Amino acid sequence: MENSILVVDDDRASRRLLARTLTAAGYTCAEAESGEEALELVRKQPPCLLLLDYDMPGLNGADVSKRIRADPSPAIAQIPTIMLTGHGGEESEVLCLEAGADDFVTKPIHPEVLRARIETQLRLRSMREQLLRQNEELEAWRGNLEQDLDAAQRTQRSLIPATPPALPGWEIAAFYRPVIQVGGDIYGWLRMRDGRMLFWIADATGHGAAAPLLNHVGEIAFHHANAENDTPTEIMRAVDRDFRSILGARSFMTAMCVALDPRSGAGSIVGPAIRRCWWHDTTEKPNPSRQLRHRSGWLLGQALAKHQCA
């Protein structure tokens, strides 16, 4: 029955003639003499197409077609069905289609017309099966992507410092909320060699699973640069050199940093000039209340002085 056409007709001569005609045309055929037998064969092994006589005693073609369409198994419910009817006219066509038939052929049957209708339905069946396979592959790909993004999100979260630094006389808080599942933003803080605190923030190009990798490169670059340089300007230049040497022009990262002296409250801010790779360094006067914000909209840190700086 697999990949065969099931011919259902209570008239033995008509059924055998159809089967011989289709076999001669290269099809594999099976036969059923009643609607009840057709349902039994279909549920045992679904055919690739059903030729169903409309007028039969017991379960007629409409009854069989409705039961097939109502079957919970898609392999059965979606069997292409061509109804064979001896009644011409629009009313007969409507009855066949309402019963769930995909097409119909009026008796007496012209072999060329029947073969054309069969080929059309088999081609549509093949297209449906191909679309189903593609949907399954797409769903599997989406599931793998979700797993990758989930792993990337956990990786990115692990790069964000969990506890703000404790500075005497200062209260520091940090808040991170990406707009999408995996963003390209990262921030952190480091103790400089002269005792100042370096607060840094960076935004890597792109999003998705690759973003945490770029963030990790930026984090390592800041750690290395801070360990080997004394000023925030030198640190940013070192970060820029390291990032370029690793990724070249394939990716980019925009970043800024603030070197804060907790005792005096003085801060030096270093950031990139617009559309250039120059760094500028400005020294600000102490401010008892200051917020540092990144252009992407998330808060790097908020420092509130608990005492007035002299």
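Surface patches are made of residues with over 30% relative accessible area and no salt bridge, with like charges joined within 9 Å and nonpolar side chains (Val, Leu, Ile, Met, Phe, Trp, Tyr) joined within 5 Å. A salt bridge is a side-chain nitrogen of Lys or Arg within 4 Å of a carboxyl oxygen of Asp or Glu. The model is predicted: local features need pLDDT of at least 70, side-chain atom pairs count only at pLDDT 80 or more, and totals for chains, interfaces and linings use all residues. Residues are numbered from 1 along each chain as its sequence is written, and side-chain values use heavy atoms, without hydrogens and water.

**Exercise 1.** Identify the residues of the negative surface patch and locate Asp10.

*Solution.* Step 1: Asp and Glu count as negative, with the charge placed at CG of Asp or CD of Glu. Step 2: the patch consists of Asp10, Asp11, Glu33 and Asp55. Step 3: Asp10 is found in the loop between strand S1 (5-8) and helix H1 (12-24). Step 4: Asp10 counts as partly exposed because its relative accessibility is 35%, the class between buried (under 20%) and exposed (over 50%), using a 1.4 Å probe and protein chains only.

**Exercise 2.** Describe the nonpolar patch that contains Trp141.

*Solution.* Step 1: Leu138, Trp141 and Leu145 form this surface patch, and their accessible area together is about 320 Å². Step 2: Trp141 belongs to helix H6 (residues 111-159). Step 3: Trp141 counts as exposed because its relative accessibility reaches 53%.

**Exercise 3.** State the share of buried residues in the protein chain.

*Solution.* Of the 310 residues in the protein chain, 42% are buried.

Key:
Areas by Shrake-Rupley, 256 points an atom, 1.4 Å probe, with all protein chains shown as cover. Helix = DSSP H or I, 4+ residues; strand = E, 2+ residues; numbered from the N terminus.
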